[in-house]
Protein chains: 2
Amino acid sequence: MALPSGPVTASSDAEAALFDLVDVYDRAYEAAAAELSLSPAQACVLGRLDERRGMGALAEELGCDASNITQIVVRLEALGLVTREPNPRDRRARLVARTPRGDEIYHRFAAAFTFARSAVGRLTPQEQDQLTALLRKALG
Amino acid sequence: MALPSGPVTASSDAEAALFDLVDVYDRAYEAAAAELSLSPAQACVLGRLDERRGMGALAEELGCDASNITQIVVRLEALGLVTREPNPRDRRARLVARTPRGDEIYHRFAAAFTFARSAVGRLTPQEQDQLTALLRKALG
DNA sequence: CACTGATCCTTGATTAACTCAAGCAACGGG
DNA sequence: CCCGTTGCTTGAGTTAATCAAGGATCAGTG
């Protein structure tokens, strides 16, 4: 289990609530991945492959070094969850795509990660809209 | 940079907003730690040492194996940020405490981690209360 | 007091994530 | 046909995390 991000001593209830949310969210994500024997990073990459895409695009979107993506994709490939096809338009590049098994595992992961769904589900539709608006405003 | 926790394809705006919040929060935490040449895990442990405490208490609070804490604390000790004193009441146990330098570094970290503070600061006091209530309800 | 089992922590081994530096191959403009 | 750039991989090194095993100490019991 990754150590939580915080808390820095919260100076308000709202900050403390934010921290709790982040902590529970992250732990739930990790637990859902673990149910399918995935690391959080593997689940994350798998989740970005609804469309096939290049290694570089993944690295940029995820804000990490390309070599990190290489490593994670190699492991996903070894698990039979993705393929790396040559890109016909550019022979330097490779297109990563989920296999049928990758699709299945990912869907099961998405089903197992109930936290965000059920958290939102505890709110009325109005409250959901309120929350969305408040978070968007807070995010600036 | 740790890969983000999600998104699982969000089925509502509220879920997407939750994900965005968690992502930005985690990245900000990591960036603040990096400013002080700390890993997120080191910052996390340092933040739990306002009072001196045992290794086991840290492991339990953080939900990880004791040997993980040993490792992190050893590095913090090598950096001169914490000490491991013998526990006079139990010679098996050791009490971890921040050094003055650990205090200083941690306070600088807390100052650098502005995300939660400034996010909440973008809201009026009423909105802050609303947000807190909504998050608490969503957390169940 | 001596035993016994539990507790506290460390060590060692292993895996994964992440970063950086270096390199290869292919692209594309002159 | 160069040559700089781009896309990705490889290699080396650090950290985090887990598990298994072990040493030392404690605490209760006979």
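Visitor: In what order do the elements of chain A run from the N terminus on?

Guide: Welcome! Keep in mind that this is a predicted model. Chain A has seven helices and three strands. Reading from the N terminus on, the elements of chain A follow the order α-α-β-α-α-β-β-α-α-α.

Visitor: What share of the residues of chain A count as buried?

Guide: Let's begin with the dimensions: the C-alpha trace of chain A spans about 55 × 30 × 30 Å along its principal axes. Among contacts in chain A with a separation of 6 or more, 46% join residues 24 or more positions apart. Buried here means under 20% relative accessible area. Of the 140 residues of chain A, the share that counts as buried is 48%.

Visitor: How many residues does the contact take from chain A and from chain B?

Guide: Look at where the two chains meet. The area buried between chain A and chain B is about 5100 Å², and carbon and sulfur atoms give 67% of that area. The contact takes 58 residues from chain A, and from chain B also 58 residues.

Visitor: Which three residues supply more than any other three of the area that chain A buries against chain B?

Guide: We are still at the contact that takes 58 residues from chain A. Three of the residues of chain A supply 13% of the area it buries against chain B. Their names are L3(A), V8(A) and L134(A).

Visitor: Which residues touch the most other members of the largest nonpolar core?

Guide: In soluble globular proteins, nonpolar side chains tend to be buried together. In this model, the largest nonpolar core has 89 residues. Those that touch the most other members are V45(A), F109(A), V45(B), F109(B) and F113(B).

Visitor: Which residues is F113(B) in contact with, leaving aside its neighbours within four places in sequence?

Guide: F113(B) is one of the core residues that touch the most other members. Contact here means heavy atoms within 4.5 Å. With those sequence neighbours left aside, the partners of F113(B) are V8(A), Y25(B), A28(B), Y29(B) and A32(B).

Visitor: Why is α2(B) largely enclosed by the rest of the structure?

Guide: The buried residues of α2(B) pack against α1 (13-35), α3 (55-62), α4, β2 (82-87), β3 and α5 (100-112) of chain B. Six of the eight residues of α2(B) are buried, so this helix is largely enclosed. The buried ones are Q42(B), A43(B), C44(B), V45(B), L46(B) and G47(B).

Visitor: Which element gives the most to the surface near DNA strand D?

Guide: DNA strand D is surrounded by 26 residues, with M1(A), G56(A), R84(A), R92(A) and S39(B) the closest. Of the atoms of DNA strand D that come within 4 Å of the protein, sugar and phosphate account for 72%. The residues of this surface divide into nine nonpolar, nine polar and eight charged. With five residues, the element that gives the most is α4(B).

Visitor: How far is a phosphate oxygen of DNA strand D from an N or O atom in the side chain of R84(A)?

Guide: Several phosphate oxygens of this kind can be followed in the model. One phosphate oxygen of DNA strand D is 3.2 Å from a polar backbone atom of M55(A), and one is 3.4 Å from a polar backbone atom of D65(B). For the side chain of R84(A), the distance is 2.4 Å.

Visitor: Which element supplies the largest share of the surface near DNA strand C?

Guide: Around DNA strand C there are 26 residues, and the closest are S39(A), R75(A), M1(B), R84(B) and R92(B). Sugar and phosphate account for 68% of the atoms of DNA strand C that come within 4 Å of the protein. By class, this surface has nine nonpolar, nine polar and eight charged residues. The largest share, five residues, comes from α4(A).

Visitor: Which backbone oxygen does the side chain of Q128(A) reach?

Guide: Q128(A) has its place in helix α7 (residues 125-139) of chain A. Not counting residues up to four places away in sequence, Q128(A) touches V120(A), L123(A) and A14(B). At 3.1 Å, its side chain reaches the backbone oxygen of L123(A).

Terms used: Residues numbered from 1 in each chain as written. Chains lettered and ligands numbered in written order. Predicted model: local features only at pLDDT ≥ 70, side-chain atom pairs only at ≥ 80, totals over all residues. Heavy atoms only, no water. Core = buried A, V, L, I, M, F, W, Y, C linked by side-chain atoms within 4.5 Å. Buried < 20%, exposed > 50% of the residue type's maximum accessible area, 1.4 Å probe, protein only. Near = heavy atom within 4 Å. Polar contact = N/O pair within 3.5 Å; in protein donor to acceptor, adjacent residues only side chain to side chain. Helix = DSSP H or I, 4+ residues; strand = E, 2+ residues; numbered from the N terminus. Nonpolar A, V, L, I, M, F, W, Y, C, P; charged D, E, K, R; others polar. Buried area = accessible area lost by both parts, 1.4 Å probe.
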